[in-house]
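User: Please guide me through the structure shown below, beginning with the terms and conventions on which the description relies.

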Amino acid sequence: MYYFGKNDWRTFEQGAQKEWLVTNGIGGYASGTIINANTRKYHGLLIAAHNPPGWRVALLSKLDERFTSGPCTYNLAANQHASGFAELGFIHLQQVRIDTIPTFTYSFGDIFLEKTLFMVHGSNTTVILYRVLNGASPGVLRLTPMVNCRGHHYITSQGQIKFNQTAAGGAVSIKGREEMPLLKLACDAGFYVKEGKWYNGMAYAAEKERGENPYEDLYIPGYFEISFTAGEVKTFSMIATAADIGSVKGEELLQKEKERISKVVDMADSTDHFVRRLARAADAFIVKRRSTGKKTIIAGYPWFADWGRDAMIALPGLTLVTGRFQEAREILLTFVHHCRKGLIPNAFFDGMTDPVFNTVDASLWFINAVYKYLVYTADLDFTREHLYPAVKDIISWYMEGTEYNIAMDGDSLLSAGSPHVQLTWMDAKVDDWVVTPRHGKAVEINALWYNSVMVFKTLCILLGKDFAFKELPDKIKKSFQDKFWHESGGFLHDVVSPDGTDCSVRPNQLLAVSLPYSMLTTEQMRRVVQKVWSELYVTYGIRSLSPWDPAYKGIYIGDRIKRDGAYHQGTAWSWLIGPFITSYRRANGYNAASREQARRFISPFRDQLRDHGVGYISEIFDGDEPAVPRGTIAQAWGVAEVLRAYIEDVLEIRPPALKIIEDLEGGSDVDTAI
């Protein structure tokens with residue numbers, strides 16, 4: 001449970017720095033600030049996944065409260081307007097409690113109002129549960145919905161949408177754009193009053209900071225009014241839905257959701273407080289994909305879809321260390337289903353029938369995820385039937401050559417891309433400007449390539465298959481050592497390309513240490529880790545470029561050009577802390593001192609869970625201290641890699657079947673070992 005009080009919202013700007021998020025397991029979400037002010041176009045109480053987990057549509061932006069008691073009216077709304085005017089209803093906010101589900105307690109006069117917000121799992125439905133303790137005078141609570149009907153990446157202006165509404169009793173149905181779902185609002189107390197007007201000029205400070213259009217007009221269809229007698233205590237619900245859920249009680253739905261979350265956390269089989277918090281956060285990213293009927297991983301909230309690279313990097317931390325093996329199987333099958341010419345999809349974008357495949361490393365991360373699945377489950381049957389064929393196919397295509405100039409070169413290293421096509425995770429591009437050119441032979445791609453070939457070899461041993469490329473691992477290793485190792489600097493070159501060798505000090509070299517199969521000597525590992533620690537480590541992650549580099553950008557802020565120009569040019573990434581910690585422990589022989597240092601690397605994230613996206617880990621941070629959180633408020637691979645590194649490298653809870661597989665690789669009998 002995270003607790004916040006008035007010291008967290010002395011000003012509007014201070015209160016807007018912390019954001020809450022709840023999700024529904026199919027890609028939909030609700031999100032806002034702890035003072036209930038919307039500062040992003042992505043904030044809203046119902047962002048429905050119309051084609052799960054995609055086509056996310058903002059339907060209910062806000063629900064503002066105003067309470068009248070005797071001669072006094074208390075406005076609880078918090079809004080900023082284009083004119084500069086602001087409603088400061090958060091002055092009545094007494095406490096905010098967030099345990100995945102946020103609860104807001106307001107105190108004004110002799111009245112207490114508490115509201116709890118959550119979503120119904122598997123449904124585009126948000127429930128706002130109110131508990132009101134009225135004072136000595138009769139009172140009236142007015143709830144005013146602000147409605148929208150747009151893709152969550154966009155902005156609405158009055159006149160763009162013609163809304164129609166049908167009201168009956170305590171409910172109203174509102175239709176905006178024809179192709180988008182109907183919004184239904186229902187309150188089980190009081191009555192609905194139809195109006196039909198607009199709130200013009202809602203100001204979104206975060207969008208202004210990002211160089212985006214910061215102003216939006218929102219439709220107000222009417223309001224709900226609930227009366228209270230003197231001293232009355234009343235509990236009631238407001239339900240916002242794009243689905244049909246029938247007649248339900250908010251309290252029953254809340255209890256059901258709490259029980260579901262509790263079961264998910266218990267699957268992690270840990271009493272460690274930090275593990276349980278991160279296991280709770282992990283649940284938000286595991287969602288159902290309609291196109292396959294199986295699970296996938298949302299890369300980050302509020303704006304990312306499911307990305308192949310992110311999903312495969314995040315899979316061990318989100319599903320394996322947390323004991324969610326069935327979800328792991330489904331996620332792997334989702335991407336196997338879409339594999340084409342050896343390529344795992346890069347991303348599933350809204351509005352596109354098919355995924356895009358412009359990535360070289362997603363397939364290699366998939367193979368690593370297969371290995372991690374195996375060492376956690378020892379599930380040879382599933383691996384043999386569903387995963388081995390895909391791994392073999394990827395290796396074959398990469399050796400022979402596939403799309404985007406991805407192919408094994410004569411030196412057995414992988415080359416990919418072109419000057420205008422970015423295929424690695426450092427893929428920022430603004431129009432024709434490739435911010436971080438990395439075409440050719442990238443260091444982490446070839447670390448992943450060697451790891452993939454070795455995983456394939458291991459699978460062949462385990463499954464009794466013929467490994468036809470017996471000389472390939474040594475060839476890759478020799479070429480890698482010859483072309484990437486910088487002896488005098490004690491680090492690995494970042495890219496070897498026809499244009500020359502890029503000696504930029506970047507974090508990508510960490511993967512040559514952290515992946516299960518490494519090509520480096522122990523001494524080389526130590527030097528790489530030391531180089532990264534001394535130049536790239538920052539409190540909440542690893543910088544994407546050394547601050548000593550002339551191209552370094554230490555602050556991630558401004559319009560798209562400025563932000564993308566810094567995205568991989570110095571900005572620190574939370575997910576990289578996982579490979580860094582694993583590399584640090586491995587390079588130091590997993591000794592006791594390295595374990596304590598790993599604990600110190602993890603410790604700041606306990607506090608980070610209270611900042612930016614409460615209960616989650618942010619996507620990125622400024623490369624310059626004090627490492628201000630930026631980007632998405634909740635990032636899958638950030639949560640996943642912190643959790644994985646904490647369990648595997650700090651708590652030293654190793655994958656159950658790891659020793660078995662190591663023994664098999666050493667020549668033990670398969671049938672005896674498994």
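Analyst: A residue is called buried under 20% relative accessible area, exposed over 50%, and partly exposed in between, using a 1.4 Å probe and protein chains only. The model is predicted: local features need pLDDT of at least 70 and side-chain atom pairs count only at pLDDT 80 or more, while totals for chains, interfaces and linings use all residues. Residues are numbered from 1 along each chain as its sequence is written, and side-chain values use heavy atoms, with hydrogens and water left out.

User: Is Arg 560 buried, partly exposed or exposed?

Analyst: Arg 560 forms a salt bridge with Asp 564, at 3.5 Å between the closest N and O atoms; a salt bridge is a side-chain nitrogen of Lys or Arg within 4 Å of a carboxyl oxygen of Asp or Glu. Asp 564 is buried, with a relative accessible area of 13%. Arg 560, at 40% relative accessibility, counts as partly exposed.

User: By about how much of a helix are Arg 560 and Asp 564 separated?

Analyst: Helices (H or I, at least four residues) and strands (E, at least two) are DSSP runs, numbered from the N terminus. Both residues belong to helix 13 (residues 560-567), and because they are four residues apart there, the separation is about one helical turn.

User: How many salt bridges does a search of the whole structure find?

Analyst: Side chains of opposite charge can pair when their charged atoms come close. Some salt bridges share partners, and in this way Lys 372, Glu 641, Arg 644, Glu 648, Asp 649 and Arg 654 are joined into one network. For the whole structure, the search gives a count of 49.

User: How many residues apart in sequence are the parts that Glu 114 and Arg 131 tie together?

Analyst: The side chains of these two residues meet in a salt bridge of 3.3 Å, N to O. Glu 114 lies in strand 11 and Arg 131 in strand 12, so the separation of the parts they tie together is 17 residues.

User: Which strand pairs with strand 11 over six bridges?

Analyst: Strands count as paired if DSSP finds at least two bridges between them. Strand 11 (residues 111-119) has eight of its nine residues buried, and eight antiparallel bridges join it to strand 12 (residues 125-133). The six bridges, also antiparallel, are those to strand 10.

User: Which residue takes a positive phi in the hairpin of strand 11 and strand 12?

Analyst: Across these two strands, Lys 115 has Tyr 130 as its bridge partner. The hairpin has five residues between the strands, and a phi near 85° is taken by Gly 122.

User: What is the order of the strands in the open sheet of five strands?

Analyst: Pairing in this sheet is antiparallel, and the order is 32-33-34-35-36. The edge strands, each pairing on one side only, are strand 32 (537-538) and strand 36 (629-630). Within the sheet, two bridges join strand 33 (residues 541-543) to strand 34 (residues 572-573). Restated, the order is 32-33-34-35-36.

User: What angle does the direction of helix 14 make with that of strand 33?

Analyst: Ile 542 stands opposite Trp 573 in strand 34. Helix 14 (residues 577-587) packs on the sheet, touching strand 32, strand 33 and strand 34; contact means heavy atoms within 4.5 Å. Axes are lines fitted to C-alpha atoms, for helices over the stretch in contact, and angles run from 0 to 180 degrees between N-to-C directions. On that basis the angle is about 95°.

User: How far apart in space are Tyr 540 and Trp 575, C-alpha to C-alpha?

Analyst: Tyr 540 lies in the loop between strand 32 and strand 33 and is buried at 14% relative accessible area. Beyond its neighbours within four places in sequence, its contacts include Trp 573, Pro 604 and Phe 621. Tyr 540 and Trp 575 are 35 residues apart in sequence, and in space their separation is 9.3 Å.
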